[in-house]
Amino acid sequence: MPIILENVSFSYSKKTPLETSALREINLRIEKGEFVGILGEKGAGKSTLTKLFNGIFKPETGIVRVDGLDPSSREAKRKIGMVFQQAADQLFCKTVYEEIAFGPLNFGYSKKETEQRVYEAIEAVSLDQTELSRDPFSLSGGEMQRVALASALALRPDYLVLDEPITGLDPIGKNDILKTLNRIKEKGTAVITVTHNLKGFFPLLEKIVLLREGRIAFQGSRESYLKKGFEPLPPIASMMKELGVRGLPVNLTVFTVEDALEEIMKLKSILGTDNNENK
Ligand SMILES: Nc1ncnc2c1ncn2[C@@H]1O[C@H](COP(=O)(O)OP(=O)(O)OP(=O)(O)O)[C@@H](O)[C@H]1O
């Protein structure tokens with residue numbers, strides 16, 4: 001069963017002079033096992049949307065359901081793992097082990113079961129066992145991110161929701177997290193991520209949800225997003241769009257270096273032929 005949002009609206013500081021409408025008439029369906037990117041400019045409503053998935057916020061109007069359950073129910077909370085923008089903000093235990101074990105213990109799993117889950121989770125995020133006794137706050141940004149991810153995974157969620165998971169990480173840290181998320185998705189967990197980093201994430205996204213001023217401007221496949229000319233774009237697709245604007249017959253759904261190279265070679269041969277004909 002999926003995450004479903006029907007006609008959802010949400011405002012901050014309702015019925016005060018500071019009332020801000022953050023989301024309007026959102027209709028969305030996210031299936032298990034999908035890799036979904038939530039895109040949009042600053043203030044578009046991306047973070048607010050993620051907080052409706054696990055019941056941190058309740059919709060002002062409309063319905064949110066996680067596999068048919070109210071997202072603030074205990075069972076729904078077990079199904080959704082959250083990793084916030086600043087991993088450090090969600091760490092609070094004295095050791096990495098306690099941090100990752102917190103969720104399973106809180107949900108009443110035995111010490112033995114919890115231990116199994118901690119080891120399974122650190123393996124999934126490629127953290128070494130020697131890290132388990134460390135103080136989470138002594139870790140690097142990338143390591144903290146992995147601990148936050150492992151804490152979410154220890155509940156074996158069906159949906160993993162992440163807000164800008166690679167922002168601020170060095171290139172190796174970014175790559176590690178991207179590979180890890182892809183592995184998690186391959187095992188059947190839906191990965192739903194807010195991201196500005198399209199260069200890293202675009203190749204992984206199976207579905208794109210584009211928010212604009214609190215409304216869904218687009219939801220659908222990556223190819224359809226590119227064909228319809230939505231923005232933001234990953235760097236290669238942006239370059240192809242520029243070539244298209246200049247009147248060159250390029251394929252606008254290309255977003256990898258390899259495909260772009262092939263496209264440019266094709267273009268070269270077409271233009272070369274034209275030049276020869278003109279001689
Ligand atoms: N705690 C809050 N109180 C009042 N208004 C808020 C609060 N948090 C967000 N907003 C407003 O709600 C709207 C949506 O904000 P949200 O943080 O969801 O956007 P976003 O797309 O995640 O932006 P960013 O990319 O900057 O993180 C914006 O107008 C924002 O100013």
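Predicted model: local features only at pLDDT ≥ 70, side-chain atom pairs only at ≥ 80, totals over all residues.
The residues around the ligand are Tyr12, Ser13, Thr20, Ala22, Gly40, Lys42, Gly43, Ala44, Gly45, Lys46, Ser47 and Thr48, and by class they divide into 3 nonpolar, 7 polar and 2 charged.

Let me turn to a pair of helices. Helix H3, residues 96-106, packs against helix H4, residues 111-124, at an angle of about 125°, with the axes 9 Å apart, and that angle makes H3 oblique to H4. The crossing of these two helices is right-handed. On the H3 side the contact uses Tyr97, Ile100, Ala101, Pro104 and Leu105, which meet Glu113, Thr114, Arg117, Val118, Ala121 and Ile122 in H4; the residues of this contact divide into 8 nonpolar, 1 polar and 2 charged.

Finally, the domains. The protein is divided into domain 1, residues 3-221, and domain 2, residues 233-279, and their centres, taken over C-alpha atoms, are separated by 37 Å. The contact between them takes 4 residues from domain 1 and 5 residues from domain 2, and, on the side of domain 1 that touches domain 2, there are 3 nonpolar residues, no polar residues and 1 charged residue.

Conventions. Residues numbered from 1 in each chain as written. Near = placed C-beta within 6 Å. Nonpolar A, V, L, I, M, F, W, Y, C, P; charged D, E, K, R; others polar. Axes fitted to C-alpha atoms, helices over the stretch in contact; angles between N-to-C directions. Helix = DSSP H or I, 4+ residues; strand = E, 2+ residues; numbered from the N terminus. Parallel < 35°, antiparallel > 145°, perpendicular 65-115°, else oblique. Left-handed = near helix turned anticlockwise from the far one by under 90°. Contact = placed C-beta atoms within 7 Å. Domains from an automatic or database assignment.
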